[in-house]
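Me: I have a chain open and want a quick tour. Can we go through it piece by piece?

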Amino acid sequence: ADAIGFHQDGKTIYAFHHGRLHRWDAAEGKPMPTLTLESWRNMATRALSADGKVMAIVEFMGERAGLVDTATGKMLVDDTIKGDRLWHPVFSSDLKFLACSYKFETVLLSVPAPK
């Protein structure tokens with residue numbers, strides 16, 4: 001898997017591999033439905049929102065960052081920066097923004113309100 005981690009509630013394990021988000025119940029190890037993420041093949045880093053509804057992804061080569069609905073796999077935000085890499089996605093505490101580092105500066109993406 002390119003990225004693996006626990007949901008903040010500690011009940012779900014996530015793993016990303018070749019455009020698919022695999023999930024398991026952490027206590028029982030039972031698989032949950034796998035999501036195919038639109039147009040994402042390689043992930044370098046990821047961050048989950050505190051409520052687990054949104055996953056931030058930074059592409060392997062770092063020129064692209066996005067936000068994905070973890071229930072459906074649909075893209076909420078897709079942003080590309082040519083010529084250099086985005087790194088280290090992190091959500092704001094109010095879940096309204098995603099920050100990534102870029103050439104020692106910060107790039108902010110607005111997070112859409114849940115529907």
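Me: Where is Leu37 found?
Reply: Leu37 sits in the loop between strand 4 (31-36) and strand 5 (43-48). Strands here are DSSP runs of E with at least two residues, and helices are runs of H or I with at least four, each numbered from the N terminus. One caution first: this is a predicted model, where local features need pLDDT of at least 70, side-chain atom pairs count only at pLDDT 80 or more, and totals for chains, interfaces and linings use all residues. Residues are numbered from 1 along each chain as its sequence is written, and side-chain values use heavy atoms, with hydrogens and water left out.

Me: Is Leu37 buried or exposed?
Reply: Leu37 counts as buried, at 2% relative accessibility. Buried means under 20% relative accessible area, exposed over 50%, and partly exposed in between, with a 1.4 Å probe and protein chains only.

Me: What does Leu37 touch?
Reply: Leaving out residues up to four places away in sequence, Leu37 touches Phe16, Gly19, Leu21, Ile57, Val68 and Gly73. Contact means heavy atoms within 4.5 Å.

Me: Zoom out. How many helices and strands are in the chain?
Reply: The chain has 0 helices and 11 strands. Buried residues make up 38% of its 115 residues.

Me: And the surface of the chain, what does it come to?
Reply: The accessible surface is about 6,700 Å², and 56% of that belongs to carbon and sulfur atoms. Areas come from the Shrake-Rupley method with a 1.4 Å probe; for residues, only the protein chains shown count as cover.

Me: What share of contacts join residues at least 24 apart?
Reply: That share is 31%, among contacts between residues at least 6 apart in sequence.

Me: Now strand 7. Why is it largely enclosed?
Reply: Strand 7 (residues 64-69) has 5 of its 6 residues buried, so it is largely enclosed by the rest of the structure.

Me: Which way do strand 6 and strand 7 run?
Reply: Antiparallel, with 5 bridges joining strand 6 (residues 54-59) to strand 7. Two strands pair if DSSP finds at least two bridges between them. Val54 has Asp69 of strand 7 as its bridge partner.

Me: How many bridges between strand 7 and strand 8?
Reply: There are 5, again in the antiparallel sense, and strand 8 covers residues 75-80. Gly66 is bridged to Asp78 in strand 8.

Me: How many residues lie between the strands in that hairpin?
Reply: The hairpin of strand 7 and strand 8 has 5 residues between the strands, and Gly73 there takes a positive phi near 80 degrees. Thr70 is also in the loop between strand 7 and strand 8.

Me: Thr70, buried or exposed?
Reply: Thr70 counts as buried, at 5% relative accessibility. Beyond neighbours within four places in sequence, Thr70 is in contact with Arg23, Leu35, Leu48, Gly52, Lys53, Val54 and Met55.

Me: What about the largest nonpolar core? Which residues touch the most other members?
Reply: Of its 15 residues, those are Ala56, Ala65, Leu67, Leu86, Phe91, Leu98 and Cys100. Strand 6, strand 7, strand 9 (86-91), strand 10 (97-102) and strand 11 (105-110) each supply at least two residues of this core. Another core, of 10 residues, lies apart from it; Leu35, Leu37, Ile57 and Met75 are among them. A nonpolar core is a set of buried Ala, Val, Leu, Ile, Met, Phe, Trp, Tyr and Cys residues joined through side-chain atoms within 4.5 Å.

Me: What order does the open sheet of 3 strands have?
Reply: The order is 9-10-11, with antiparallel pairing. Strand 9 and strand 11 are the edge strands, as each pairs on one side only. Strand 9 and strand 10 pair over 4 bridges, and Phe91 has Leu98 of strand 10 as its bridge partner.

Me: Last topic, charges. What forms a salt bridge with Lys30?
Reply: Glu28 does, with the closest N and O atoms 3.3 Å apart. The rule is a side-chain nitrogen of Lys or Arg within 4 Å of a carboxyl oxygen of Asp or Glu. By that rule the count is 1 salt bridge. Glu28 counts as exposed, at 54% relative accessibility.
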